[in-house]
Amino acid sequence: MELGILREGINEVIATTAGEYRENEGDTDTGTITLRPNAAPMGIFCRKGKIRMRVYRGTHTEENMRRHGWVVANVTHDPVVFVETAFGDIGEERFTEITNDGKTFYRLKDCEAWVAFKCAIIHAGEEVTIFELHPITEEICSCEVHPHNRGFASVIDATILGTRYVMFRDEAILEKIRYHRDIAVKCGSDREKEAIELLDKSIE
Ligand SMILES: Cc1cc2nc3c(=O)[nH]c(=O)nc-3n(C[C@H](O)[C@H](O)[C@H](O)COP(=O)(O)O)c2cc1C
């Protein structure tokens, strides 16, 4: 399968999906169902011509992909967005709609590139669902060059560790987060420092 904007290996992106919400929660017969966009950092595995995601059960992303059969991978180098979407929700004004072949998807308004995928379940485990992805359409929105920055890379690592720390509260994980925090502060820009401060608050 053509990889398009993605690269061989694991691509760390912001996955956008849509969740269903009942307006009138208490009354299941009369409540109207509306779609609301959701964003979360996710890894997209590109190996040997296959594009896959391993998504934990219990996440909004897993439920939305299973229900609607699509996901959009948003490429961004904004470290704050990774932290914001890993630990909470962002406002609807930060999404925009894509329409393709009569179908509507959501993507981040502010991203460098995006690719919309159809997805099918290839393994449904108790903890993780594995999806195979098939690209539908994609766009490159900006052609900024990003020289490698260890601070940005460390924010991503610290954020992944942070999502585990809030579940297990393990001191060994916290130690690794501290290691990455030091690199983020030493090598990153003000935006990496802002992301690390937000991460500290999010895992308190
Ligand atoms: C860089 C990064 C990559 C991640 N990759 C995955 C992944 O591949 N699968 C997964 O289930 N969770 C992954 N996570 C954790 C989810 O982002 C996290 O559980 C999030 O809260 C899920 O949000 P949701 O409930 O809105 O889907 C990743 C986190 C980060 C920071």
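Helix α2 (residues 79-87) has Pro79, Val80, Val81, Phe82, Val83 and Thr85 as buried residues, where buried means under 20% relative accessible area, exposed over 50% and partly exposed in between (1.4 Å probe, protein chains only). Helices here are DSSP runs of H or I with at least four residues, and strands are runs of E with at least two, numbered from the N terminus. The model is a predicted one, in which local features need pLDDT of at least 70 and side-chain atom pairs count only at pLDDT 80 or more, while totals for chains, interfaces and linings use all residues. Residues are numbered from 1 along each chain as its sequence is written, and side-chain values use heavy atoms, with hydrogens and water left out.

The buried residues of α2 pack against β1, β2, β6 (103-108), α3 (150-168) and α5 (190-202); contact means heavy atoms within 4.5 Å. At the start of the helix, a side-chain oxygen of Asp78 comes to within 3.0 Å of the backbone nitrogen of Val80.

Beyond its neighbours within four places in sequence, Met65 is in contact with residues including Thr17, Trp70, Cys119 and Phe131.

The ligand has 16 residues around it, of which Pro41, Arg54, Tyr56, Thr61 and Ala86 come nearest; a residue counts as near if one of its heavy atoms lies within 4 Å. A polar backbone atom of Gly43 is 3.0 Å from a ligand oxygen, and one of Arg54 is 2.8 Å from a ligand nitrogen. For His60, a backbone N or O atom lies 2.8 Å from an oxygen of the ligand. On its own the ligand has 640 Å² of accessible area, of which the protein covers 86%, by the Shrake-Rupley method with a 1.4 Å probe.

Finally, the cysteines: with a disulfide taken as a pair of cysteine sulfur atoms within 2.5 Å, the count is zero. Cys141 is in no disulfide, and the nearest cysteine sulfur, that of Cys111, is 4.4 Å away. Cys141 is partly exposed at 36% relative accessible area.

Terms used
A polar contact is a pair of N or O atoms within 3.5 Å; within protein, one must be able to donate a hydrogen and the other to accept it, and residues adjacent in sequence count only if both atoms are side-chain atoms.
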